[in-house]
Amino acid sequence: MSRSVDGNLPVVAVVTGATGGLGREIVRGLVREGMAVVLGVRDPSKGEAVQLELCREPGGGRIEVLPLDLASLTSVRRFGASVADRHPSINLLVNNAGAWFNERRLSPDGHEMTLATNTLGPYLLTETLLPLLQAGKPSRIVNIVSAATGGYDVNDLDWKRRPFNGFKAYTQSKQAVRFMTWTLAGRLVGKGVVANAVSPGFVRTAFLDQATGMVATVLRVLSPFATPPAKAADTPLWVALAPEWADKTGRYVEARKEKNGGSRRESDLESLDSLLRAMTS
Ligand SMILES: NC(=O)c1ccc[n+]([C@@H]2O[C@H](COP(=O)([O-])OP(=O)(O)OC[C@H]3O[C@@H](n4cnc5c(N)ncnc54)[C@H](OP(=O)(O)O)[C@@H]3O)[C@@H](O)[C@H]2O)c1
């Protein structure tokens with residue numbers, strides 16, 4: 001693994017959802033590579049605890065904590081402006097934060113919460129930080145998705161017409177992030193920014209506690225077989241840092257293996273992109 005994205009320091013990364021689980025281990029890996037990492041967190045005290053823990057890591061990386069609630073478009077815009085105030089350019093964005101809701105709830109902007117947190121927030125964040133990523137090129141975007149897909153309905157992303165299903169809302173939101181990644185990768189070809197999607201596998205984190213009912217029972221039974229977060233962070237870090245990933249874009253990766261990643265039908269990508277643009281403007 002290289003020390004930095006292009007071999008030149010300084011290198012700045014933005015990582016969401018780093019208060020625990022997979023995100024904290026991704027940040028640990030980046031700090032060990034000497035990167036300056038901006039954590040976008042909902043709860044500053046949790047972010048500061050991670051900062052305190054990880055600043056002792058060897059490697060000389062630095063951590064900054066800035067407020068970010070991905071479920072709120074206003075908060076995402078504020079976070080983007082704060083990052084831009086502090087850094088004229090960035091080289092890496094890891095859209096890692098994710099959530100699961102068992103009941104249909106609405107975000108401050110009136111969207112279903114899973115969609116708002118897992119798709120609309122990362123979409124707007126990426127668009128907001130794109131000028132900084134382009135200023136810092138060569139740059140990389142790593143979107144954390146799920147191996148599970150399904151429940152995707154472009155005509156009902158907000159779950160207004162269907163009975164709500166938390167698991168399907170989650171898999172839909174992650175399918176949308178895959179589509180978002182393919183679109184972004186296509187748009188950015190030749191512009192010095194690559195975008196890839198990584199599934200971390202089944203990881204032993206607090207995330208598994210969010211499910212209820214049948215899904216919770218299945219997850220409880222399987223949880224002894226889940227991968228520890230430090231091990232699961234290996235693939236996202238590989239895609240974020242390794243020289244062989246400098247030019248690859250629009251790929252889907254699981255456990256250091258490139259896989260097909262599902263449908264890339266242009267009409268699906270276009271219809272989602274225009275919807276996401278409308279929902280976040
Ligand atoms: N665990 C698995 O088996 C698994 C499998 C496939 C994909 N994934 C994906 O991996 C990523 C990391 O999940 P994890 O397993 O590490 O779960 P986790 O330990 O629950 O971490 C989720 C992170 O997202 C943050 N977050 C949630 N809602 C947010 C919001 N509105 N604004 C900002 N941050 C928010 C949480 O912050 P707070 O501390 O504020 O809650 C936390 O830092 C997620 O995208 C998840 O979908 C996980």
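This is a predicted model: local features need pLDDT of at least 70, side-chain atom pairs count only at pLDDT 80 or more; totals for chains, interfaces and linings use all residues.
Two residues are in contact here when their C-beta atoms, placed from the backbone, lie within 7 Å. Keep that in mind for helix α8, whose buried residues are covered by elements that include α1, β4 (92–95), β5 (139–144), β6 (193–199) and β7 (252–254).

**Helix α8**
- Helix α8 spans residues 234–241 and is mostly covered, with six of its eight residues buried.
- Those buried positions are Thr-235, Pro-236, Leu-237, Val-239, Ala-240 and Leu-241.

**Helices α3 and α4**
- A pair of packed helices gets described by two things, the angle between the axes and the distance between them.
- For α3 (residues 73–86) and α4 (residues 113–135), the angle is about 25° and the axes sit 9 Å apart.
- Angles under 35 degrees count as roughly parallel, so α3 is roughly parallel to α4.
- The crossing of α3 past α4 is right-handed.
- On the α3 side, the contact uses Leu-73, Val-76, Arg-77, Gly-80, Val-83 and Ala-84; facing them in α4 are Leu-120, Gly-121, Leu-124, Leu-125, Thr-128, Leu-129 and Leu-132.
- Sorted by class, that α3 contact with α4 comes to nine nonpolar, three polar and one charged residues.

**Leu-129, a closer look**
- Leu-129 belongs to helix α4.
- Leu-129 counts as buried because it has 24 C-beta neighbours inside 10 Å, where the cut-off is 20 or more.
- Leaving aside residues up to four places away in sequence, Leu-129 touches Val-14, Gly-80, Val-83, Ile-90 and Leu-93.
- Take Gly-80 from that list: it's 49 residues from Leu-129 in sequence, yet the two are 6.2 Å apart in space, C-alpha to C-alpha.

**Helices α5 and α9**
- The axes of α5 (residues 166–187) and α9 (residues 266–279) come within 9 Å and cross at roughly 100°.
- An angle of 65 to 115 degrees counts as roughly perpendicular, so that's the label for α5 against α9.
- Ala-176, Phe-179, Met-180, Trp-182 and Thr-183 from α5 meet Asp-268, Leu-269, Leu-272, Asp-273 and Leu-276 from α9.
- By class, the α5 contact with α9 has seven nonpolar, one polar and two charged residues.

**Around the ligand**
- There are 30 residues around the ligand, and Gly-17, Gly-21, Gly-98, Thr-205 and Phe-207 come nearest.
- Helix α1 (residues 21–32) supplies the largest share of the shell, three residues.
- The shell splits into 14 nonpolar, 12 polar and four charged residues.

Methods:
Residues are numbered from 1 along each chain as its sequence is written. A residue is near a molecule or strand if its C-beta atom, placed from the backbone, lies within 6 Å of it. Helices (H or I, at least four residues) and strands (E, at least two) are DSSP runs, numbered from the N terminus. Ala, Val, Leu, Ile, Met, Phe, Trp, Tyr, Cys and Pro count as nonpolar, Asp, Glu, Lys and Arg as charged, and the others, Gly among them, as polar. Axes are lines fitted to C-alpha atoms, for helices over the stretch in contact, and angles run from 0 to 180 degrees between N-to-C directions. Angles under 35 degrees count as roughly parallel, over 145 as roughly antiparallel, 65 to 115 as roughly perpendicular and the rest as oblique. A crossing is left-handed if the near helix is turned anticlockwise from the far one by less than a right angle, and right-handed if clockwise. A residue is buried if 20 or more other C-beta atoms lie within 10 Å of its own, exposed if 12 or fewer, and partly exposed in between; C-beta atoms are placed from the backbone.
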